[in-house]
Amino acid sequence: MSPMPDTQLPPPRTTGPVSLEEALLRRRSRREFGGAPLSAADLGQLLWAAHGVTGSEGRTTTPTAGNTLPHEVYAITPTGAFRYDGAAHRLEIVDPGDLRTPLRAFYDDERILRAGAVIVLAAVTARTAARYGERAERYVAMGLGHGAQNVLLQAEALGLWAYPVGAHDPEGVARLLSLPEGCLPLYMVPVGHPGVR
C-alpha cells in the first residue's frame, strides 16, 4: 500500500464472508507477521472498525459516553504515519517515514517491524470530562477497549493477524506521532498478514 498525504480510503464494506460469531470463535492474539504490506482497502476497513462513522448523524462503530467523541485513531505503516479522519474516511499524513523502528523505543518488540500497520487508539479525555467530570477516564477507557476489540475482530474477518498492546509508553508514542496536547495513546494493535503459525 502506498498512501499519499490526505488519501481517500476505499469505502468500508458492511457485509463480508465471515460472520461475527465466526470472528469471535477464531479471535486469538497472533504476533508472528509475514511482513507483507496491507492493502488500502484492508487498512481502511480496520480503521473504520476502530472508529468509523456509520450514519449521517455522525454515530460511530464504537460507543462513546454522551457522543462526546474523545477518540482519535492513528496508523503507523511502512509508508508513513497517518491520522484517521472517520467522518471523511481518509488518511491525514502525520509523518511520511516508517515510524515502526522508532516506535520500538516505546514498545520493545521487534515483531512490530513486520506488522503491516500498528493501529494506535488515543483519546482526548477532556472532551468527555467537560460533560462527565471524574467519570470521564473510565468512560474513555471503556470506549477504547471497544475500538480495540473491533479491530481485533475485523482483522480476523479479513484473514489478518493482530494482538492488543497496553505495555507501551503513552507519552513517548504521543511525542513520536506529534499528537496535540491532551491526546494520549492508550492502546495499540499491530496487524499484519500471517507469518509462521
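**A helix across a sheet**

Modeller: Gladly! Helix α2 lies across β2, β3, β4, β5 and β7, and runs at about 160 degrees to β2. Helix α4 (residues 125-132) also packs on the sheet, where it touches β2 and β5, and its direction makes about 30 degrees with that of β5. Do keep in mind that this is a predicted model.

Biologist: What is the strand order of the sheet, and how are the strands paired?

Modeller: The order is β1-β4-β3-β2-β5-β7-β6, an open sheet of seven strands with antiparallel pairing.

Biologist: Why are β1 and β6 said to stand at the edges?

Modeller: β1 (7-8) and β6 (161-162) each have a single partner strand, so one side of each is left without a neighbour in the sheet.

Biologist: How do you know that β3 and β4 pair?

Modeller: Two strands pair if there are at least two bridges between them. β3 and β4 have five bridges, in the antiparallel sense, so they meet that cut-off. As an example, Arg-83 has Glu-92 in β4 as its bridge partner.

Biologist: Back to α2, then. What makes it largely enclosed by the rest of the structure?

Modeller: Ten of its twelve residues are buried, so α2 is largely enclosed. Among the buried ones are Asp-42, Gln-45, Trp-48 and His-51. The cover over the buried residues of α2 includes β2 (71-77), β3 (80-85), β4 (90-95), β5 (117-124), α5 and β7 (183-192).

Biologist: How do α2 and α5 cross?

Modeller: The axes of α2 (residues 40-51) and α5 (residues 136-157) come within 7 Å and cross at roughly 150 degrees. The crossing is right-handed. On the α2 side, Gln-45, Leu-46, Ala-49 and Ala-50 take part, and they meet Gly-147, Asn-150, Val-151, Gln-154 and Ala-155 in α5. By class, that contact has five nonpolar, four polar and no charged residues.

Biologist: What do the spans of the two helices look like against the expected values?

Modeller: α2 reaches 17 Å from its first C-alpha to its last, close to the expected 16 Å. α5, with 22 residues, reaches 32 Å, close to the 32 Å expected at 1.5 Å a residue. After α5 comes Gly-159, whose phi is positive, near 75 degrees.

Biologist: Which residues other than glycine have a positive phi?

Modeller: Leu-69 has a phi near 50 degrees, and Ser-178 has a phi near 50 degrees too. Leu-69 sits in the loop between α2 and β2, while Ser-178 belongs to the loop between α6 (170-176) and β7.

Conventions: Residues numbered from 1 in each chain as written. Predicted model: local features only at pLDDT ≥ 70, side-chain atom pairs only at ≥ 80, totals over all residues. Heavy atoms only, no water. Axes fitted to C-alpha atoms, helices over the stretch in contact; angles between N-to-C directions. Helix = DSSP H or I, 4+ residues; strand = E, 2+ residues; numbered from the N terminus. Left-handed = near helix turned anticlockwise from the far one by under 90°. Contact = heavy atoms within 4.5 Å. Nonpolar A, V, L, I, M, F, W, Y, C, P; charged D, E, K, R; others polar. Expected span 1.5 Å × (residues − 1). Buried < 20%, exposed > 50% of the residue type's maximum accessible area, 1.4 Å probe, protein only.
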